Amino acid sequence: MELPTSNPNHGSFLLKASLPAGAYQHVLVVLLLLAGCASLLWHRLTKNARRTRAVASPADAPNAEGRQKTGQMELKLPPGPISWPIVGCLPSVGLKHRHRTFYELSKTYGPVMQVPIGSAKIVVVHGAAIAEELLKIRDGQFCSRPPSMTGTYLGFEHCDVNLTPYNQNWQATRKALSLHLLSPSKIASQAPMRRRRICSVMAPLYCQASAEPRTVVNVSAIADRLLIDIIIRMMFGERYSAAEIQRHRRGSEALTIRKCLQEFDVDLREGIFLWGELNLAEYFPLLSWLDVQGLERRFRNLRKKLESLFQLIIQDHRQHACAEDEAEPDFIDVLLSQKQLTDKQLMGIMSNVLIAGIDTTARAIEWAMAELGSNASVIERAQEELDRVVGRNRVMDEHDIEKLPYLRAISKEVLRLHPSAPMDDPHVNEKPSTLGGYYIPAHSIILHNLWALSQDGSLWDNPTEFSPERFLKSKEYESMNVYGGDFKLLPFSSGRRRCPAYHFATLTLQHVVGVFLHLFDWSVPQNGAINMEESDGIVVGLKHPLMLSITPRLSNVNIK
Ligand code: HEM
């Protein structure tokens with residue numbers, strides 16, 4: 001399948017939608033003023049009740065440390081910035097770079113803060129001890145998800161994995177995804193496919209750079225292209241490649257699907273943007289019918305496109321079950337043959353993998369190359385290791401990774417310093433609970449700042465410095481992994497909701513970065529410098545596309 005060409009507007013999908021000018025804004029201002037007066041009154045009347053919250057029975061608060069005795073049992077609510085009528089803490093939180101804002105606020109209010117916004121009870125947490133409490137000790141209490149517009153539209157009415165509350169539906173979709181797409185054996189069996197895809201992107205780059213040393217390439221676009229290509233093949237195999245469509249003389253439906261998948265980067269950008277946007281309608285239900293940010297309209301449009309694509313894919317798989325001469329049934333064939341999931345669940349899973357899977361991993365590759373581009377000594381050491389272990393006559397492969405500790409250290413350091421989803425997906429407690437000794441009312445939205453761990457001087461020496469060496473300094477650090485067992489390092493979170501793709505994502509990051517470093521010397525284009533400014537949204541990468549110069553470094557290598 002030909003791939004979408006590089007995307008010169010990379011990053012622009014994360015720009016915020018501005019409010020439509022004109023009438024909506026005036027209506028909004030009047031409504032806010034009216035609501036402000038009512039809320040001021042309400043705020044005054046309920047001030048004392050909010051300062052502490054009575055807990056009716058000890059069973060409501062499974063761990064009631066920190067309680068105060070004042071006639072009946074009471075626990076403190078977490079501290080937090082001033083909460084204004086109607087808007088709550090929105091003025092302190094703002095709309096952008098929430099992981100950084102929350103981290104700054106936590107310097108005043110501590111590792112458990114309440115930051116209500118509108119009608120939503122939001123609690124923001126960070127730190128290794130709280131992470132362990134949230135994701136291990138009380139994982140069972142905090143593993144649900146809030147209802148959301150993203151869950152309705154992109155999660156197909158909360159029938160997916162990511163945006164679904166903790167229920168049987170979630171169990172079924174999570175099991176299907178983990179077992180039939182992301183299990184270690186499934187991932188191992190697809191290694192040749194990943195190698196072919198990586199080489200098919202590297203070979204033309206290598207030719208181009210051989211003819212013109214220090215060719216400038218758009219690393220961000222290459223990462224996007226690789227991940228779209230790999231993930232589409234992970235799910236559908238070669239079914240929608242031109243050769244396969246022709247071989248089986250499949251009709252116009254297969255061609256339509258192929259075209260939609262080739263152009264999927266546009267839907268992906270829209271999906272990631274909508275997923276990450278702070279949607280005021282969810283916090284201020286009165287505003288939802290106005291759709292002041294225009295988000296619901298955009299959600300509806302994207303859903304329509306995704307639904308018709310996914311329905312076509314399901315229909316195509318039903319009509320043309322995997323023929324006997326085909327190598328292996330693909331992911332959708334397997335799920336359909338089991339007849340355990342509804343079509344909505346299938347669509348929810350496809351939506352999660354295509355939207356949550358591609359951008360997170362592509363951004364991790366982008367961050368790795370941005371850090372390496374400004375750290376020549378790290379590149380040198382990694383290349384020395386690659387030449388020693390792999391040699392200079394063949395391209396580095398996935399099976400080499402276990403013998404490349406420095407490459408593995410680079411990937412851990414990238415995921416430590418730049419977790420692509422810096423604020424974990426929201427967790428919710430269905431019942432009242434406690435965290436860090438504070439009372440957490442039922443249905444609070446817990447936002448866990450995973451990125452803040454990387455800034456913590458009590459956990460890491462020189463925490464903000466990019467230094468893969470930190471993972472080689474002792475046996476303890478060498479054996480540390482990013483899979484959720486160590487609460488200092490949680491790019492994929494931990495517990496029941498941990499990212500199910502942690503193995504695939506780290507392997508792909510290590511493989512792509514390894515091949516990049518093995519094949520090419522990298523430098524910053526003349527007169528340029530790497531701009532490390534972050535994009536905004538739920539997945540965070542570089543704000544501007546990463547442009548680097550490449551020069552081939554192996555002379556005798558066949559890239560295939
Ligand atoms: C470097 C790449 C990636 C990073 C850093 C990452 C990170 C995360 C994080 C932090 C969560 C939230 C966990 C929680 O709520 O506690 C998550 C959830 C999830 N991720 Fe990933 N992810 C990556 C790649 C992928 C890929 C490639 C896929 C799919 C193929 C994927 C699918 C999912 C799904 C389905 C969930 C929801 C899990 C659930 O709610 O049960 N992720 N990921």
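An open sheet of three strands is arranged in the order 6-12-11, and its pairing is antiparallel; strands here, like helices, are DSSP runs numbered from the N terminus (E, at least two residues for strands; H or I, at least four for helices), and two strands pair if DSSP finds at least two bridges between them. Strand 6 (215-218) and strand 11 (520-523) stand at the edges with a single partner strand each, so one side of each has no neighbour in the sheet. From one strand to the next the twist averages 40 degrees.

This is a predicted model, in which local features need pLDDT of at least 70 and side-chain atom pairs count only at pLDDT 80 or more, whereas totals for chains, interfaces and linings use all residues. Residues are numbered from 1 along each chain as its sequence is written.

Helix 9 (residues 191-211) lies across strand 6, strand 11 and strand 12, and runs at about 80 degrees to strand 12. For such angles, axes are lines fitted to C-alpha atoms, for helices over the stretch in contact, and the values run from 0 to 180 degrees between N-to-C directions.

A further open sheet has four strands in the order 4-5-10-7, with mixed pairing. Its edge strands are strand 4 (112-114) and strand 7 (427-428), each of which pairs on one side only. Strand 7 pairs with strand 10 (residues 445-448) in the antiparallel sense over two bridges, and His 427 stands opposite Ile 446 in strand 10. Helix 5 (residues 128-137) lies across strand 4, strand 5 (122-125) and strand 10, running at about 135 degrees to strand 10.

Two packed helices are described by the angle between their axes and the distance between the axes.

| Helix pair | Angle between axes | Axis distance |
|---|---|---|
| Helix 12 (residues 252-262) and helix 15 (residues 295-319) | about 140 degrees | 10 Å |
| Helix 15 and helix 16 (residues 331-338) | roughly 70 degrees | within 10 Å |
| Helix 18 (residues 376-389) and helix 21 | roughly 90 degrees | within 9 Å |

For helix 15 and helix 16, which cross at roughly 70 degrees, the angle makes the two roughly perpendicular. Here Ile 313, Ile 314, His 317 and Arg 318 in helix 15 meet Ile 332, Asp 333 and Leu 336 in helix 16, and the residues of the contact divide into four nonpolar, one polar and two charged.

Helix 18 and helix 21 are likewise roughly perpendicular to each other. Their contact is made by Ile 379, Ala 382, Gln 383 and Leu 386 of helix 18 together with Gly 514, Leu 517 and His 518 of helix 21, and by class it has four nonpolar, three polar and no charged residues.

The ligand is surrounded by 25 residues, of which the closest are Gly 357, Thr 360, Ser 493, Cys 499 and Ala 501; a residue is near a molecule if its C-beta atom, placed from the backbone, lies within 6 Å of it. Helix 17 (343-373) and helix 21 (502-519) are the elements that give two or more residues to this shell, and helix 17 gives the most, with seven residues. The shell divides into 13 nonpolar, seven polar and five charged residues.

Terms used
Nonpolar A, V, L, I, M, F, W, Y, C, P; charged D, E, K, R; others polar. Parallel < 35°, antiparallel > 145°, perpendicular 65-115°, else oblique. Contact = placed C-beta atoms within 7 Å.
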